[in-house]
Amino acid sequence: MSTLPAVDSLLNSMADQLRAHLSARQISDPAFVGIHTGGVWIADALHAAVAPEAPMGTLDIAFYRDDFEQHGLPQRVRPSELPFSVDDRHIIVVDDVLMTGRTIRAALNELFDYGRPASVTLVTLIDVDARQLPIRADILGATLALAPGQRVKLSGPTPLQLTLTDAATN
């Protein structure tokens, strides 16, 4: 694959999809939760475009990952910040790249440690369709087919840009 999609155009499409999703489900007071790091950047953009009055939080799922013992602690662990009650709230969880599903599983585990949401909507910029767990995004920017050993990475926050990397260099 030689050309990656422009993040800005994906965000515009995702904002439209998210507005329609919230309207169809009659959700008027959602809360946004971005997964560090790229998910926070995407959540910030969608939050501003769709519901700037809604509360916004962040999750760092480092301690919730099931590969923690294999890979150790990431260099930059940040505290999760959810400055609102999760109980009975419609939560929009945002990540940059959905690959195996393990990051989202970890995010859901952490989110439920804070309380029981009314619903969770998953929003991801890119799906590389390499699932190991049965997790799918409700709102999706694009699906990419990558060559074996390739990964897609979001850099930012300004500008937000997608790049291809070799898995061996990650």
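Student: Is H47 buried or exposed, and what is its relative accessible area?

Tutor: H47 is buried, at a relative accessible area of 14%. Buried means under 20%, exposed over 50% and partly exposed in between, with a 1.4 Å probe and protein chains only. The model is predicted: local features need pLDDT of at least 70, side-chain atom pairs need pLDDT 80 or more, and totals for chains, interfaces and linings use all residues. Numbering starts from 1 along each chain as its sequence is written, and side-chain values use heavy atoms, without hydrogens or water.

H47 sits in helix α2, residues 38–50. Helices (H or I, at least four residues) and strands (E, at least two) are DSSP runs numbered from the N terminus. A polar atom of the H47 side chain lies 2.5 Å from the backbone oxygen of A54. Setting aside neighbours within four places in sequence, H47 touches F32, P52, A54, P55 and M56. Contact here means heavy atoms within 4.5 Å.

Now to α1, residues 7–24. Its 18 residues should span 26 Å at 1.5 Å a residue, and its end C-alpha atoms are 25 Å apart, which agrees. The expected span is 1.5 Å times one less than the number of residues. The buried residues of α1 are V7, L10, L11, M14, A15, L18, H21 and L22. Viewed down the axis of α1, they fall within an arc of 140°, so they line one face. The arc is taken from the directions from the helix axis to the C-beta atoms. N12, S23 and A24 are exposed on the other side of α1.

Q26 lies in the loop between α1 and β1 (31–35). Q26 is exposed, at 74% relative accessibility. D129 also has a positive phi, about 50°, and is not a glycine. D129 lies in the loop between β4 (119–127) and β5 (139–143). At 52% relative accessibility, D129 counts as exposed. Most residues other than glycine have a negative phi, and most peptide bonds are trans.

The loop between β6 (150–155) and β7 (161–166) holds P157. The peptide bond from G156 to P157 is cis, with omega near 10°. P159 is in the loop between β6 and β7 as well. A cis peptide bond joins T158 and P159, with omega about -5°.

Key:
A polar contact is a pair of N or O atoms within 3.5 Å; within protein, one must be able to donate a hydrogen and the other to accept it, and residues adjacent in sequence count only if both atoms are side-chain atoms.
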